[in-house]
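Hi everyone, thanks for making the time. Let me put the sequence and the structure up, and then we can walk through a few parts together.

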Amino acid sequence: MNIQAKKRLIKNTTKDAIAILLAQAEENTASHPDRTKRYIEMLWALVKKYKIRLTKDQKKKFCRKCLSFLIVNGNAKAIFDAKHNSFYLKCGKCGNKRRI
Ligand SMILES: [Zn+2]
């Protein structure tokens with residue numbers, strides 16, 4: 001196996017792990033909020049270590065600043081900015097805004 005194939009294998013397995021972690025985080029939001037936080041932290045560590053690009057949907061699911069899982073109308077707010085004609089997702093915990 002050459003180096004590029006190895007790298008691809010590592011990226012693909014890590015992407016799968018990230019998808020599983022996000023699903024687990026979503027599952028535990030109501031029953032175990034502390035676990036959700038931990039899953040997102042683990043996910044973010046993987047993203048940083050292996051330089052994984054998250055998909056658009058994955059990016060919307062957690063706050064990049066405080067690493068909390070975002071639930072629209074729960075701990076996050078969707079705001080419409082008429083000036084720039086775009087939607088923002090505002091984290092209720094740290095106030096970080098992100099365009100969606
Ligand atoms: Zn936040």
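Helices (H or I, at least four residues) and strands (E, at least two) are DSSP runs, numbered from the N terminus. What you see is a predicted model, where local features need pLDDT of at least 70, side-chain atom pairs count only at pLDDT 80 or more, and totals for chains, interfaces and linings use all residues. Residues are numbered from 1 along each chain as its sequence is written.

Let's start with the hairpin. Strand β1, residues 76-81, pairs with strand β2, residues 86-91, in the antiparallel sense, over six bridges. Aspartate 81 has serine 86, in β2, as its bridge partner, while alanine 78 stands opposite leucine 89 of β2. Four residues sit between the two strands, and asparagine 85 in this hairpin takes a positive phi near 55°.

Now zoom out to the sheet. It is open and antiparallel, with three strands in the order β1-β2-β3. β1 and β3 (97-99) are at the edges with a single partner strand each, so one side of each has no neighbour in the sheet. On average, neighbouring strands here are turned by 30° against each other, direction ignored; the axes behind that angle are lines fitted to C-alpha atoms.

Finally, which helix holds lysine 49? That is α2, residues 33-50. From lysine 49 to cysteine 63 is 14 residues in sequence and 18 Å in space, C-alpha to C-alpha.

Terms used. Two strands pair if DSSP finds at least two bridges between them. Axes are lines fitted to C-alpha atoms, for helices over the stretch in contact, and angles run from 0 to 180 degrees between N-to-C directions.
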